Amino acid sequence: MSALTRVRQRADGATLVCAYLLALLVIPARLVLSFVPMTLPPALVVALVLGVLSLSAHMVDSLGMGKGRNALRTAVLLYLAMHLATYAVATRRWLPMDELTVADSGMVRIVATISVAIFACDAIRTRERLDKVLKLVLACSALIAFVGLVQFGAGVDLASYVSLPGLRTQENAYSAMESRSIFRRPTGTTNHPIEYGLVCAMAVPLGAHYVFRARDEGTPQLRWWLCLALVGLGGLTALSRTAILGMTVAGVVLILTLPRRRKLTVALMGTAFFLGASLTVPGLFGTIRGMFSNIEDDPSVKARTADYEAAADQIDLNPLLGRGFSTFLPTKYTILDNQFLLTLIENGYLGLFALVGMFLAACYATVRARLISGDENLKGLASCLLAAVLVGGIASATFDLLSFGVATGMVFTMVGLSGAALRIASAEPGAEQRMRERADVRAGGAVR
């Protein structure tokens with residue numbers, strides 16, 4: 001009986017977030033529930049459960065959920081309120097049946113994903129549990145990268161061999177084996193190479209953090225080096241501008257936030273890794289360089305910008321709250337590889353402000369957590385979360401982020417974990433005193 005009690009005590013909010021991440025990142029994204037009429041992947045079911053648990057846990061005081069003010073949770077709830085307002089306005093007017101159907105399923109998806117962010121923010125209460133979740137994120141991302149590298153190098157899609165009871169394969173318009181230049185473009189367990197590259201890019205700072213931490217603590221480093229190598233190479237072989245920009249941003253954040261002795265190490269590691277990958281995979285450097293050197297003549301870039309004028313006309317029709325989330329169907333209208341622009345059309349200016357505000361709140365939470373925490377490990381995790389959130393924000397300008405379930409789930413998880421980091425740092429002994437001391441230092445500098 002005592003052993004059973006101990007098992008029950010170990011299962012907490014972080015355990016449930018880990019269950020969501022396993023469903024999101026390990027189960028191939030093309031597998032959805034076979035016994036429901038809508039497209040419902042297993043991760044979305046877990047997310048909906050987390051939403052119900054979060055709402056229920058906030059009604060009592062005995063389950064250890066974080067309560068009280070938190071900038072990140074406020075921003076996420078405002079984003080949720082905006083979506084509810086958009087849905088209400090959109091469904092009051094006439095919508096074609098195909099758009100109304102997708103609007104309904106879109107609301108389920110976005111509410112479930114937002115629930116993950118809120119649950120992660122409130123349910124993860126210690127640095128050790130946050131650390132466990134982020135280690136799982138890195139391990140799962142490395143697994144995705146390994147599957148993608150097999151696709152890239154051998155042309156074998158390991159994800160296609162996965163079959164689970166109760167799930168069916170949903171076909172989409174993109175193949176795991178399409179190519180760019182002379183290379184295959186991998187997808188890993190995701191639905192698209194850009195999504196695959198984004199997941200890898202968001203995991204790169206985590207890999208670097210755990211390598212440095214293992215060196216400082218004198219613990220085995222090989223597994224972390226392996227994870228870092230996999231996600232780094234996975235990001236490069238995605239052959240995606242989004243992934244390259246994301247890894248660059250992640251590297252800049254690490255260089256700015258790491259201790260001085262680490263800055264040069266990160267820069268040298270990044271340079272050596274890129275050169276090593278280019279030598280190992282002949283033609284990779286030239287392909288990546290060509291993606292940026294002739295960007296003004298690139299057909300994919302021209303296709304992305306050609307529809308801006310038509311998008312402006314759509315924005316003018318419903319400027320405040322938009323036409324409805326998910327109703328701008330790519331098969332019916334056009335594909336917009338810019339989430340901010342798509343949000344303007346579907347959720348209006350209020351929706352765009354809410355989306356940008358959520359990213360800014362997550363950045364604020366991680367920066368503040370670094371400032372008030374006296375735990376160097378938590379500061380390092382906050383830097384990784386800052387890098388991941390910025391990568392997600394930049395990706396929103398380069399592809400339609402919210403149209404891809406794995407990328408959306410990953411970004412919202414990182415956003416929620418940013419709020420958790422701030423809660424954990426604020427609960428540390430002496431956190432308020434450290435903030436007052438910093439404020440006094442700034443005030444003294446301003447007077448001088």
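Helices are DSSP runs of H or I with at least four residues, and strands are runs of E with at least two, numbered from the N terminus. On that basis, the secondary structure of this protein comes to 17 helices and four strands. The model is a predicted one.

**Overall architecture**

- The protein has 448 residues, and buried residues make up 52% of them.
- When contacts between residues at least 6 apart in sequence are considered, 78% of them join residues at least 24 apart.

**Salt-bridge network**

- The count of salt bridges comes to 11.
- Asp-131, Lys-135, Arg-213 and Glu-217 are linked with one another in a network of such bridges.
- Lys-135 meets Asp-131 through their side chains, with an N to O distance of 3.5 Å. Both residues lie in helix H6, four residues apart, which is about one turn of the helix.
- Asp-131 also takes part in a salt bridge with Arg-213, where the closest N and O atoms are 2.8 Å apart.
- Asp-131 counts as buried because its relative accessibility is 5%, under the 20% cut-off.
- Arg-213, with a relative accessible area of 12%, is likewise buried.
- Glu-217 has 45% relative accessibility and therefore counts as partly exposed, as the class lies between the 20% and 50% limits.

**Surroundings of Lys-135**

- Lys-135 is found in helix H6 and is partly exposed, its relative accessible area being 24%.
- Apart from neighbours within four places in sequence, Lys-135 is in contact with Tyr-210, Arg-213 and Trp-224.
- Lys-135 and Cys-18 are separated by 117 residues in sequence, while their C-alpha atoms are 9.9 Å apart in space.

**Packing of helices H4 and H16**

- The axes of helix H4 (residues 71-92) and helix H16 (residues 405-426) come within 9 Å and cross at roughly 145 degrees.
- On the H4 side, the contact is made by Leu-72, Arg-73, Val-76 and Tyr-79; on the H16 side, it is made by Phe-412, Val-415, Gly-416, Gly-419 and Arg-423.
- The residues of this contact divide into five nonpolar, two polar and two charged.

**Nonpolar surface patch**

- A nonpolar patch on the surface is formed by Leu-22, Val-26, Leu-143, Phe-146, Val-156, Leu-158 and Tyr-161. Together these residues have about 610 Å² of accessible area.
- Leu-143, one of the patch residues, is found in helix H6, which spans residues 127-154.
- The relative accessible area of Leu-143 is 39%, so this residue is partly exposed.

Technical notes: Residues are numbered from 1 along each chain as its sequence is written. This is a predicted model: local features need pLDDT of at least 70, side-chain atom pairs count only at pLDDT 80 or more; totals for chains, interfaces and linings use all residues. Side-chain values use heavy atoms; hydrogens and water are left out. Patches are made of residues with over 30% relative accessible area and no salt bridge: like charges are joined within 9 Å, nonpolar side chains (Val, Leu, Ile, Met, Phe, Trp, Tyr) within 5 Å. Accessible areas come from the Shrake-Rupley method with a 1.4 Å probe; for residues, only the protein chains shown count as cover. A salt bridge is a side-chain nitrogen of Lys or Arg within 4 Å of a carboxyl oxygen of Asp or Glu. Buried means under 20% relative accessible area, exposed over 50%, partly exposed in between (1.4 Å probe, protein chains only). Axes are lines fitted to C-alpha atoms, for helices over the stretch in contact, and angles run from 0 to 180 degrees between N-to-C directions. Contact means heavy atoms within 4.5 Å. Ala, Val, Leu, Ile, Met, Phe, Trp, Tyr, Cys and Pro count as nonpolar, Asp, Glu, Lys and Arg as charged, and the others, Gly among them, as polar.
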